[in-house]
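Subject: Structure for you, with notes on what was found

Dear colleague,

Here is the structure I promised to pass on to you.

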Amino acid sequence: MGKEALENDWAIVRGFARSVFALSEATGQFIKYLVMALVLVLFTEVTMRYVFNSPTVWALETSKMLLGTIGACGWGYTHKLGGHVRVDVIYALVPRRGQALIDVIMSLLMLFPLVFVLIGVGTKWAIRAWQTGEKMIESSWLPPAAPFRTALLLGFILFGLQCLAQFSCDLYYLIKKRELI
C-alpha cells in the first residue's frame, strides 16, 4: 500500500474528528444559553420566595434538570478544550508524543470503560423512564423524568464521540508524529 493510500485511509478519521470537534463546539455554545436559563430560574425562585413570600413548586426540579443537562452535555466540549482533570505537573513536562501516549493508554484503560458504563446505564434509565412514565419526585410538581434522562444520555453520547475523536488525534500523532487536524 502506497503512502497516498495510507493518507486516504486517515481521511475518514480526519473527517470524523473534525465533525465531532465541530459538534462539541456547537454543543458548548448552546449550553451557555442553558446556563442563562438556570440563572433565570434561580433568580425567579429567590424573588418569588423572599420578595413575594410565594415559593414555586417547579424551580427546584427545573434547576436540577438544567444543571444536570449542562454538566452532561458540557463534558464533550470540556474534553475538546482539555479541561478535564489530569496530573498536569507531570503531563506538562512530557513532550507532545509522550502526552499522546499517556492519553491513548489512559483512554483505553480508564476513559472508554467509563464512557461505556455511562452510555449503557444512561440508555437503560432513558428507556425505562419513557416506558414507565417515570416522574421526578422532589416536589409536588412531578415533571416527567424521560426528557431529562434522555438529555443525560445525549450528553454521554456526545462525550463518547469527543473521546473517540480525541483518541484518534492522539493515536495519529503517535503514528505519524504530526497533528491529525
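The notes below take the helices first, then the salt bridges, the surface, the backbone and a few distances.

Please keep in mind that this is a predicted model, in which local features need pLDDT of at least 70 and side-chain atom pairs count only at pLDDT 80 or more, while totals for chains, interfaces and linings use all residues. Residues are numbered from 1 along each chain as its sequence is written, and side-chain values use heavy atoms, with hydrogens and water left out.

Helices H4 and H5

Helix H4 covers residues 96–132, and helix H5 covers residues 146–176; helices here are DSSP runs of H or I with at least four residues, numbered from the N terminus. Two packed helices are described by the angle between their axes and the distance between the axes. For H4 and H5 the axes come within 8 Å and cross at roughly 160°, where the axes are lines fitted to C-alpha atoms over the stretch in contact and the angles run from 0 to 180 degrees between N-to-C directions. The two helices are therefore roughly antiparallel to each other, a label that applies to angles over 145 degrees, with under 35 counted as roughly parallel, 65 to 115 as roughly perpendicular and the rest as oblique. The crossing of H4 past H5 is left-handed, meaning that the near helix is turned anticlockwise from the far one by less than a right angle.

Salt bridges

Side chains of opposite charge can pair when their charged atoms come close. A salt bridge is taken here as a side-chain nitrogen of Lys or Arg within 4 Å of a carboxyl oxygen of Asp or Glu, and a search of the whole structure finds six of them.

One of these joins Lys80 to Glu25, with the closest N and O atoms 2.9 Å apart. This pair links distant parts of the chain, as Lys80 lies in helix H2 (residues 59–80) and Glu25 in helix H1 (residues 3–50), 55 residues apart. Lys80 is partly exposed at a relative accessible area of 23%, and Glu25 is partly exposed at 28%; buried means under 20% relative accessible area, exposed over 50%, and partly exposed in between, with a 1.4 Å probe and protein chains only.

Another salt bridge brings together the side chains of Lys64 and Glu138, at 3.0 Å from N to O. Here too distant parts of the chain are linked, with Lys64 in helix H2 and Glu138 in the loop between H4 and H5, 74 residues apart. Lys64 is partly exposed, with a relative accessible area of 40%.

Arg149 forms a salt bridge with Glu134, and their closest N and O atoms are 2.8 Å apart. Arg149 lies in helix H5 and Glu134 in the loop between H4 and H5, so the pair ties together parts that are 15 residues apart in sequence. Arg149 is buried, with a relative accessible area of 18%, whereas Glu134 is partly exposed at 24%.

Finally, salt bridges link Arg96, Asp170 and Glu179 in a network. Asp170 is found in helix H5 and is buried, with a relative accessible area of 2%. Its C-alpha atom is 4.8 Å from that of Ala100, although Asp170 and Ala100 are 70 residues apart in sequence.

A nonpolar surface patch

Leu101, Ile102, Ile105, Met106, Leu109 and Met110 form a nonpolar patch on the surface, and together they have about 550 Å² of accessible area. Patches are made of residues with over 30% relative accessible area and no salt bridge, like charges being joined within 9 Å and nonpolar side chains (Val, Leu, Ile, Met, Phe, Trp, Tyr) within 5 Å; accessible areas come from the Shrake-Rupley method with a 1.4 Å probe, and for residues only the protein chains shown count as cover. Leu101 itself is found in helix H4 and counts as partly exposed, at 42% relative accessibility.

Backbone and distances

Most residues other than glycine have a negative phi, and most peptide bonds are trans. Asn53, however, has a positive phi near 50°; this residue is found in the loop between H1 and H2 and is exposed, with a relative accessible area of 67%. Lys177 also has a positive phi, of about 60°, and is found in the segment after H5, where it counts as exposed at 55% relative accessibility.

Met136, in the loop between H4 and H5, is buried, with a relative accessible area of 13%, and its C-alpha atom is separated by 13 Å from that of Trp125, eleven residues apart along the chain.
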